[in-house]
Amino acid sequence: MTSTLTISALTKRFGEVAALTGVSLSVAPGERVALLGHNGAGKSTLMKIILGLIPATSGEVTICDAAPGSPAARRAVAYLPENAAFHPALTGLEQIRHYLALRGEEQGQAMRLLEMVGLGKAARRRIGTYSKGMRQRVGLAQALIGNPRLLVLDEPTSGLDPVSRREFYVLLDNLAAQGASILLSSHALTEVEARTDRIVILSQGRLVAEGSLPDLRRRADLPVMLHVTARNGYGADIARLLPGAILVDGALHLTCRQSAKLETLGTIAGLGEKITDLEVLPPSLEDLYAHFSQAAAQ
Amino acid sequence: MIRILSTARTEFRIALRNRWVAIALVLMAVFSLVLSLAGSAPTGGLGVDRLSVTVASLTSLSVYLIPLLALLMSFDAIAGETERGTLSLLLAYPIARWEILVGKLIAHLSILALAVVLGHGLAAAVAIWSDETSLAGLPSLVRLSWSSILLGATFLGAGYALSSLSRRPSGAAGLAIGLWLGLVVLYDLALLSAIVADNGGWFSTEAFPIALLANPADAFRLFNLTASGATAAASGVGGAADAIPLWQSLASVLLWPIAALALAAAAFRKVTP
């Protein structure tokens, strides 16, 4: 399968400062990739190079077999910039009609696009009266124009409430199902956890980790948390059997290595009647992110 | 072409909502009416028709007003998009940078043209209604109208260039006002004081005509006063019009818009969102 986006050995320098160093990445059709990194890790720079807004210092980027910024690539790519604020004097409908015209699409679709992002009722109001979340939806609506092959979304869900976020990811899932590739950056790690196929972690301009979430968990080999709830009176007994366990509000908290997880679970299962509940908490994406970022810094 | 027209339509709508259209039309209409009514009293002695006198007054007015309106409409064009974060989005669309500039130019220039035609039309109506010989002044008025629009294009281009060079709209506004003060007000004052100090020497004979032609606002005034033979009715720097051949000021009036827009395109090309 040919990739929609291929990046190889991409380097970008601003004078002496290296914003990106040797980044290689490819995104297949229908794949949803989350780009994670601290502020200044190079996410926005990477996106701007993909869009052809700034040139790369070295390395190669191709989008659907075209160079970034070429007319063919621009037709294939949709973009949502971070914190885009559209002209306050225009209505949502007028703004989307303009963007449709710029892509050479039928302007009559504007209302349908706005309804898709839940702005149907506000379409004829000026953007100046919109809330931050509504402006973000205008941005999403324009990114949906013309069945793009690649969507580049910079913090797409910032300013959206939890319900809107879910609706937004449903929209993305539909696009991905139709073969669109999605590259998005986000600070809300928990939401990309369930909603993307692959995670890419950038740190100080370098790609420090890449893979699916289970894959990253296995590689990081971070400790797994286990919460064991003891039957009344057995707390102290169990604590003796499980070295390193701490008693918190009648529950025992303990951690074990990924590799020792099954063995520990076996021990706990052997306690039988003495326990009432067991919870296994795998390392969160936040933990993985901190782990890979720190590992790269050292 | 659809992209340029859509950009122009959107910009026109923004200008309409921001009241720029109303401001430009009202300013030009009011000033033109005032000048054509006030210019009626002393015409008898000059032996020229009433409209020609009005044209001389309108020329002096346009030198100040047209550049100001053009700069006010254009300073936000690029810097505003940068600040709102929509410039990077716009440039990710399949639209060339020159198409964006041309779209904005069409919108802004048509607003200026509307204001000029309305103002000058009112002035002509008043003059012809009160003095039938004023028809003789119509060619001068037509000349003033198209050269005013070209002057507007020059300062729109300058405004786009300043807007591209500064990162924020407030900075662009400051530069625009500075440019207006410099070219329209201080430039003439500096030339006059230099002439006084020079007392008929090399500066007055050699450098002064070139200095006038180099400034689009002065070239515009020079061209209109020379062409209509109305130098008698003019004063100040305009009085120098006799010394400079018409073709030179015409060339300056025609070339400046091209130069300013080329400058704008070059400055916009350098902008990285």
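Two residues count as in contact here if their C-beta atoms, placed from the backbone, lie within 7 Å. With that in hand, here are some close-ups of what is a predicted model.

View 1. Of the contacts in chain A with a separation of 6 or more, 69% are between residues 24 or more positions apart. The chain is built from 11 helices and 13 strands, and its C-alpha atoms fill a box of roughly 70 × 45 × 35 Å along the principal axes. Out of 298 residues in chain A, 41% count as buried.

**View 2. The two domains of chain A.** Domain 1 runs over residues 5-218 and domain 2 over 223-282. Their C-alpha centres sit 43 Å apart.

**View 3. Where chain A meets chain B.** Here 23 residues of chain A are in contact with 20 residues of chain B. On the chain A side, α1 (43-51), α2 (71-76), β5 (77-80) and α3 (92-102) each put in at least two residues. The largest share comes from α3(A), with four residues. Sort the chain A side by type and you get 14 nonpolar, four polar and five charged residues.

**View 4. The nonpolar cores.** The largest nonpolar core has 149 residues, and A:Val77, A:Val152 and A:Val200 have the most contacts inside it. Its largest share, 13 residues, is supplied by α7(B). Zoom in on A:Val77 and, leaving out residues up to four places away in sequence, you'll find it touching A:Leu51, A:Ile63, A:Pro148, A:Leu150, A:Val152 and, from the other chain, B:Ala92. Another core, of eight residues, lies apart from the largest one; among its members are A:Val224, A:Ile238, A:Ala245 and A:Ile268.

**View 5. Helix α2 of chain B, end to end and face by face.** This helix covers residues 20-38, and at 1.5 Å a residue its 19 residues should span 27 Å; the end C-alpha atoms are 27 Å apart, so the two agree. Its buried residues are B:Trp20, B:Ala24, B:Met28, B:Ser32, B:Leu35 and B:Ser36. Look down the axis of α2(B) and these buried residues fall within an arc of 100°, so they line one face of the helix. On the face turned away from the buried side you'll see the exposed residues B:Val30 and B:Ala38.

Note on methods. Residues numbered from 1 in each chain as written. Chains lettered and ligands numbered in written order. Predicted model: local features only at pLDDT ≥ 70, side-chain atom pairs only at ≥ 80, totals over all residues. Expected span 1.5 Å × (residues − 1). Buried ≥ 20, exposed ≤ 12 C-beta atoms within 10 Å, placed from the backbone. Arc of directions from axis to C-beta. Nonpolar A, V, L, I, M, F, W, Y, C, P; charged D, E, K, R; others polar. Domains from an automatic or database assignment. Core = buried A, V, L, I, M, F, W, Y, C linked by C-beta atoms within 7 Å.
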